[in-house]
Amino acid sequence: MKNFFLCSLVSVLLVALFSAEVISHSGTTNEIVKARMASMKVIAANMKSLSKVSRGRDPFDVNEVRNMLAEIESNAAQTPILFEVNATDPTSEAASEIWENFQDFADKSFALESTAKGLISTVESVDDLAVAVQSLGKTCKSCHSKYRN
């Protein structure tokens, strides 16, 4: 019951976070920032879908879940590359601390990539997915709490 409550809470927070993100990014003109935002939106969309599946709102299909995890892994791998250049835009939520402590930022991206990669081969059920969503959510939060305005 405790895991279900925790998973539900994390899921609700992730959905709220990602819904606000979509609204806030219209009007971006910097192409580098647009590319970053597009990649983050892919991660967000997949996290939202995984959250729905983990809560039973969408059906569990192990192949679809693995595809979503693979998209998260792939985009997480691209994150340090997309942020190498300190490009800004008024709509960007990237904190300047990213470039002040780039190695830590890259390490956090690698943690998300590694977590998603590991989960691809271990998630076999909705119960596994609930734990996976929590794990992924923690890696997202560890970066967003420090490097997102």
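Select Ala 35 to begin: with a relative accessible area of 32%, this residue counts as partly exposed, a class between buried (under 20% relative accessible area) and exposed (over 50%), computed with a 1.4 Å probe on protein chains only. Ala 35 belongs to helix α2.

The model is a predicted one, in which local features need pLDDT of at least 70 and side-chain atom pairs count only at pLDDT 80 or more, while totals for chains, interfaces and linings use all residues. Residues are numbered from 1 along each chain as its sequence is written, and side-chain values use heavy atoms, with hydrogens and water left out.

Next, display the whole protein chain. Six helices and zero strands are present; helices are DSSP runs of H or I with at least four residues, strands are runs of E with at least two, and both are numbered from the N terminus. Of the 149 residues, 38% are buried.

Proceed to helix α6, residues 126–147. Why does the distance between its end C-alpha atoms agree with the expected span? The 22 residues should span 32 Å at 1.5 Å a residue, and the ends are 31 Å apart; the expected span is 1.5 Å times one less than the number of residues. Buried positions in α6 include Leu 129, Val 133, Leu 136 and Cys 140.

Within α6, select Lys 138. This residue counts as exposed because its relative accessibility is 63%. From Lys 138 to Leu 112, 26 residues away in sequence, the C-alpha to C-alpha distance is 9.1 Å.

Finally, show α2 (residues 31–54) together with α6. Their axes come within 9 Å and cross at roughly 145 degrees; axes are lines fitted to C-alpha atoms, for helices over the stretch in contact, and angles run from 0 to 180 degrees between N-to-C directions. Which residues make the contact? On α2 they are Met 47, Leu 50, Ser 51, Val 53 and Ser 54, and on α6 Val 126, Leu 129, Ala 130, Val 133, Leu 136 and Gly 137, where contact means heavy atoms within 4.5 Å. These residues comprise eight nonpolar, three polar and no charged; Ala, Val, Leu, Ile, Met, Phe, Trp, Tyr, Cys and Pro count as nonpolar, Asp, Glu, Lys and Arg as charged, and the others, Gly among them, as polar.
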